[in-house]
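Please consider the structure shown here before reading on.

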Amino acid sequence: MISVLFAVLTALSNGSGTVLQRRAAMRVPQSEAMLSLIGRLLRQRVWLAGIGLVIVAAVCQAVALATGPISVVQPIFVIELPATLLVAGWAMGVRAPRTVWYGVVAVTAGLAIGLAAAAPVDGTDSVRGADWIPTLLLTGAFEAAVIVAALRARGDTRAALLGLASACGYSLTAALMKDAMARLGPDGGALALLSSWQLYASAAAGVGALYLLQNALHAGSLVAVQPVLTLGDALISILYGVTLFAEELRTGWWLLPELAGVGLIAVGCVVLARSSLATDTLGPQPPPPPRVS
């Protein structure tokens with residue numbers, strides 16, 4: 001229950017942070033990209049507030065991963081978008097249309113069906129050092145291929161590819177963080193955690209994923225980024241959980257309801273990202289003043 005609670009808190013913090021980051025990104029001219037984009041964003045208080053919520057989310061995520069399997073914790077993050085839209089709509093006085101509630105129901109039902117069918121079983125808390133070598137090599141090769149493809153694309157295609165690269169980065173961050181948090185066990189402690197390379201690798205992977213997400217949000221529409229980001233994070237994290245942490249999922253005919261759950265989540269994310277509420281809360285903003293005080 002502790003891992004589920006902190007996973008929900010992580011989703012809420014991350015979702016709210018995404019809202020603020022999206023608002024900031026939409027204020028930057030389309031001509032800006034990559035490093036120049038980050039330089040412009042650093043001068044915006046809205047973006048810095050979003051980063052603050054990302055830090056809060058990272059702390060909550062660390063607690064969730066330390067107390068539960070990654071195959072449970074990461075998929076819960078699919079509630080990030082519906083929760084964020086509803087909270088943002090309430091805060092801004094924007095009424096949620098019926099389609100938004102359909103999307104909320106689809107995402108929630110898909111998550112419940114998928115997790116109930118998969119019934120993840122916790123495995124080991126830590127990973128053998130040698131197992132990280134092929135994992136990091138394969139992840140790096142996948143990330144490089146997706147980023148190269150994104151740089152050759154434009155518009156929503158580029159946004160979706162960068163969203164997928166960001167999702168992979170966030171999944172790797174979670175896997176490294178879970179392995180690092182295992183050092184806090186009875187045989188370790190704070191010193192063992194601080195001396196683990198996984199902790200610093202997790203921070204580096206998180207910064208890289210955040211950097212890719214900024215460019216994804218700037219390159220195209222939310223409907224192109226969010227479904228890939230949401231499902232990519234959940235599915236790649238499950239892959240890490242099974243291969244690195246020996247977590248077990250039900251297979252056989254259980255794959256049918258699991259796939260049905262994934263399908264419902266995908267449909268729900270598209271419906272939510274295309275809704276008028278998403279446009280009102282995450283859409284384009286008027287140009288900022290010449291200087292940010």
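Predicted model: local features only at pLDDT ≥ 70, side-chain atom pairs only at ≥ 80, totals over all residues.

Q: Why is serine 13 called buried?
A: Buried means under 20% relative accessible area, exposed means over 50%, and partly exposed lies in between (1.4 Å probe, protein chains only). The value for serine 13 is 12%, so this residue is buried. Serine 13 lies in helix α1; helices are DSSP runs of H or I with at least four residues, numbered from the N terminus. Leaving aside neighbours within four places in sequence, serine 13 is in contact with Leu53, Val56 and Ala57.

Q: Why does leucine 9 count as partly exposed?
A: Leucine 9 has 33% relative accessibility, and therefore counts as partly exposed. Its place is also in helix α1 (residues 2-25).

Q: How do you know that the span of helix α11 agrees with its number of residues?
A: The expected span of a helix is 1.5 Å times one less than its number of residues. The 23 residues of α11 (residues 222-244) should therefore span 33 Å, and the end C-alpha atoms are 32 Å apart, which agrees.

Q: Why is α11 described as largely enclosed by the rest of the structure?
A: Of the 23 residues of α11, 17 are buried, so the description applies. Just after α11, alanine 246 takes a positive phi of about 55°.

Q: What makes the pair of arginine 183 and aspartate 179 a salt bridge?
A: A salt bridge requires a side-chain nitrogen of Lys or Arg within 4 Å of a carboxyl oxygen of Asp or Glu. The closest N and O atoms of arginine 183 and aspartate 179 are 2.7 Å apart, and the pair forms a salt bridge. Aspartate 179 has a relative accessible area of 0% and is therefore buried, whereas arginine 183, at 25%, is partly exposed.

Q: How do you know that aspartate 131 and arginine 128 form a salt bridge?
A: Their closest N and O atoms are 2.9 Å apart, and the two residues form a salt bridge. Arginine 128 has a relative accessible area of 56%, so this residue is exposed.

Conventions: Residues numbered from 1 in each chain as written. Heavy atoms only, no water. Helix = DSSP H or I, 4+ residues; strand = E, 2+ residues; numbered from the N terminus. Contact = heavy atoms within 4.5 Å.
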